[in-house]
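Hello,

Please take a look at the structure below. My notes on it follow.

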Amino acid sequence: MFGVIRRRPQLLWLLVPYVLYLGVLPFVNRVTPLVFGVPFLFVWLLGATFFTPVAVWLTRRGDRR
């Protein structure tokens with residue numbers, strides 16, 4: 001598996017949504033900071049949802065195989 005990553009490092013972009021959803025979630029699970037009247041957790045998940053297609057696009061752009 002790591003041989004594939006060494007030859008095609010652009011595949012690491014696919015880990016970004018995973019980290020945004022699961023890796024950082026315990027740190028952003030807060031209600032008190034509100035962003036436009038919405039709890040920060042919901043704003044974080046919405047941002048991660050919007051960034052996921054960008055990460056897939058960056059992977060596709062870098063990996064033309």
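**What was found**

The protein chain has four helices and two strands (DSSP runs, H or I of at least four residues for helices, E of at least two for strands, numbered from the N terminus). From the N terminus, the order is α-α-α-β-β-α. This is a predicted model: local features need pLDDT of at least 70, side-chain atom pairs count only at pLDDT 80 or more, and totals for chains, interfaces and linings use all residues. Residues are numbered from 1 along each chain as its sequence is written, and side-chain values use heavy atoms, leaving out hydrogens and water.

Of the 65 residues in the protein chain, 15% are buried (under 20% relative accessible area, with exposed over 50% and partly exposed in between; 1.4 Å probe, protein chains only).

Now the helix packing. H2 (residues 15–23) and H4 (residues 40–62) pack at about 175°, their axes 9 Å apart (lines fitted to C-alpha atoms over the stretch in contact, angles from 0 to 180 degrees between N-to-C directions). The two are therefore roughly antiparallel (over 145 degrees). In H2, Val-16, Pro-17, Leu-20 and Tyr-21 make contact with H4 residues, including Trp-44, Leu-45 and Phe-51 (heavy atoms within 4.5 Å).

There is one aromatic pair (ring centres within 6.5 Å, the six-membered ring for Trp; planes under 30 degrees apart are stacked, over 60 edge-to-face, the rest tilted). The rings of Phe-40 and Trp-44 have centres 6.2 Å apart and planes at 45°, so the pair is tilted. Both residues lie in H4, four residues apart, about one turn of the helix. Phe-40 is partly exposed at 26% relative accessibility. Trp-44 is partly exposed at 24%.

Best wishes

Key: Parallel < 35°, antiparallel > 145°, perpendicular 65-115°, else oblique.
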